[in-house]
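Subject: Handing over the structure

Dear colleague,

I am passing this structure on to you, and below it you will find notes on what turned up when it was examined. Please read them with the structure open beside you.

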Amino acid sequence: MTVAETINVSQVLLESPSFGATEIGQLEEAIAASQCGEVMQFQRELQLKVDQGSASERDLLAAGITAYLLANHADADRYLSKISGNGLADFYRAQSLLALGQHQAAADAYASAGTNGYDAVQCALCRAGAIRLSGDTDAADELLAASSREGATRAEYSYQKGCILADRGDAFGAIEYFERAVDMDPHHGGALFRLAGENNLLGNDADAITLYERSLSRPPLFKGALINLGLLYEDSESYSAAAFCFRRVLEVFPNDERAQLYLKDIEASSDMYYDEDADRARRELDQVLRIPITDFELSARSRNCLESAGIHTLGDLTNVSEQELLGGKNFGETSLTEIREILEPRGLRIGQSVEEQRKPAPAYDLEELSPQERALLEKPV
C-alpha cells in the first residue's frame, strides 16, 4: 500500500482536534505522494470556514500552514497573521513572508516565533537569512556567528553560511557549505536548489536535474525549481517530463505566464519541434530571455539597481548597454561582473540585442537590382 493510500487528508485537515508537527508531516507526505489535489480540495473547506467567520484558531493554523505547503504564500500570511502568541504560526508566517519578498517582516516574525516557543536556534538561523536578503550581509553573518555554538551542527546553519559566501563572490566556498547542508539534511530544499543552480551554470545538467528533483521531494512546491527542472528536461528532450513540471506549476499557479508559454511550446510544436534545429534553438533562446532576474541570487545593491532601471528579465539585460547600466546610481564594476556571470553561461551578453539591431543594412539598393535578382531576394523562405 502506498503512502498516498494511507493518509486520510480530510481527517488531518478537518477532523484532527489538534494541528502540529505530526499533521504537518502527514500533509508533506500526501503532497509529495501526488495527493496535492486532495489537499487543495479539503483546504478550500477550511477557507470557507474562515470566510464565514466560524474558524477556530486550530482551523486558521491548519489553513495557513497548508497554504504555505502549497506555495500559496499570500493566503498563508492572511490566515496565520490572525493568530497571536503561537510560535508555530509565527514561524510558518515568517516562511511565507520570506517567499513573498517581505524580508524585514519575515525577520520580525522569526524573532516572534522564537519568543513564543518555536525552536529558538532554528528561528535565529532563518532570521539571519531574512536579514541577508534584506541587504545586510554583515549583520546576517554576525547573527550566524552568535548562533554558531548551538547551530553549527544544523543543516540550516551551513545553508545560510553558503548563501553569505555566495553573496560575497566565493562560489566554491558556497558550494562546500551547500553540500555540507545536504549531507546533514538530504531534503533541505534551499541547499538542493542552490546546488542545482550551480551545477546548471557549470554545464552539469544531469547532476542539476537530480538535485532539482530532490529539492522537490518535499513541499512547499518550489515554483522556481519546477520551472528550471522543466527547462532542463526539455533540453534533454524529455518532453513529457518537462510538460509534467509545467502542468504541476499551473495546478497551483494557474495564471503563471512562464509555465503557460513553456507548456504551449511543447504541446503545439509536435514532432517538428524536435527535427528543426534552428527552430528549437530560437525557442530555447526565447525561454532563456524570459527568465526573471529574481530567479538568481544577486547582491542587494545589484538587485535594487536593476529594479530601479526597470530590468526584470535576462532579455531586458540584452537590451541595455554596459554604459547605461554603469550610469545608474550605485551600479559599479562589481555589479557588472555579477550580471556577466549570470549571462555568459547562457550564451548571452549585456547589450546583445542592441548590437544585433544595429547591424548594417544590406550593401545594395533594391531599386538598382534586375527583376530576376529582386525576385530571388524576395522569394519567401
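Does A71 count as buried or exposed? A71 counts as buried, at 4% relative accessibility, where buried means under 20% relative accessible area, exposed means over 50%, and partly exposed lies in between, with a 1.4 Å probe and protein chains only.

Before going further, please keep in mind that this is a predicted model, in which local features need pLDDT of at least 70 and side-chain atom pairs count only at pLDDT 80 or more, while totals for chains, interfaces and linings use all residues. Residues are numbered from 1 along each chain as its sequence is written, and side-chain values use heavy atoms, with hydrogens and water left out.

Backbone angles

A71 sits in the loop between α5 (57-69) and α6 (73-80), where helices are DSSP runs of H or I with at least four residues, strands are runs of E with at least two, and numbering starts from the N terminus. Although A71 is not a glycine, it has a positive phi of about 70°. Most residues other than glycine have a negative phi. E237 also has a positive phi, of about 65°, and is not a glycine either; its place is in the loop between α16 (223-235) and α17 (239-252), and at 48% relative accessibility E237 counts as partly exposed.

In soluble globular proteins, nonpolar side chains tend to be buried together. If residues up to four places away in sequence are not counted, F246 touches I227, G230, L231, E234, A259, Y262, L263 and I266, contact meaning heavy atoms within 4.5 Å.

A helix pair and a histidine

The axes of helix α9 (residues 120-133) and helix α10 (residues 137-146) come within 8 Å and cross at roughly 170°; axes here are lines fitted to C-alpha atoms, for helices over the stretch in contact, and angles run from 0 to 180 degrees between N-to-C directions. That crossing makes α9 roughly antiparallel to α10, given that angles over 145 degrees count as roughly antiparallel, under 35 as roughly parallel, 65 to 115 as roughly perpendicular and the rest as oblique. On the α9 side A124, L125, R127, A128, I131 and R132 take part, and they meet T137, A139, A140, L143 and L144 in α10.

H103 belongs to helix α8 (residues 103-115) and counts as buried at 18% relative accessibility. Leaving aside neighbours within four places in sequence, H103 is in contact with L98, A130, L133 and S134.

Salt bridges

How many salt bridges does a search of the whole structure find? The search finds 17, a salt bridge being a side-chain nitrogen of Lys or Arg within 4 Å of a carboxyl oxygen of Asp or Glu. One of them joins E297 and R194, whose closest N and O atoms are 3.6 Å apart. This pair links distant parts of the chain, 103 residues apart, with E297 in the loop between α19 (277-289) and α20 (300-308) and R194 in helix α14 (residues 189-201). E297 is partly exposed, with a relative accessible area of 35%, whereas R194 is buried, with a relative accessible area of 9%. R132, D167, R194 and E297 are linked in a network of salt bridges.

R290 forms a salt bridge with D265, the closest N and O atoms being 3.7 Å apart. Here R290 lies in the loop between α19 and α20 and D265 in helix α18 (residues 257-275), 25 residues apart. R290 is partly exposed, at a relative accessible area of 28%, while D265 counts as buried at 14%. The C-alpha atom of D265 is separated by 7.9 Å from that of R283, 18 residues apart along the chain; R283 is found in helix α19 and is buried, with a relative accessible area of 18%.

The side chains of E322 and R340 also meet in a salt bridge, at 3.0 Å from N to O. E322 lies in helix α22 (residues 322-326) and R340 in helix α23 (residues 333-343), so the pair ties together parts that are 18 residues apart in sequence.
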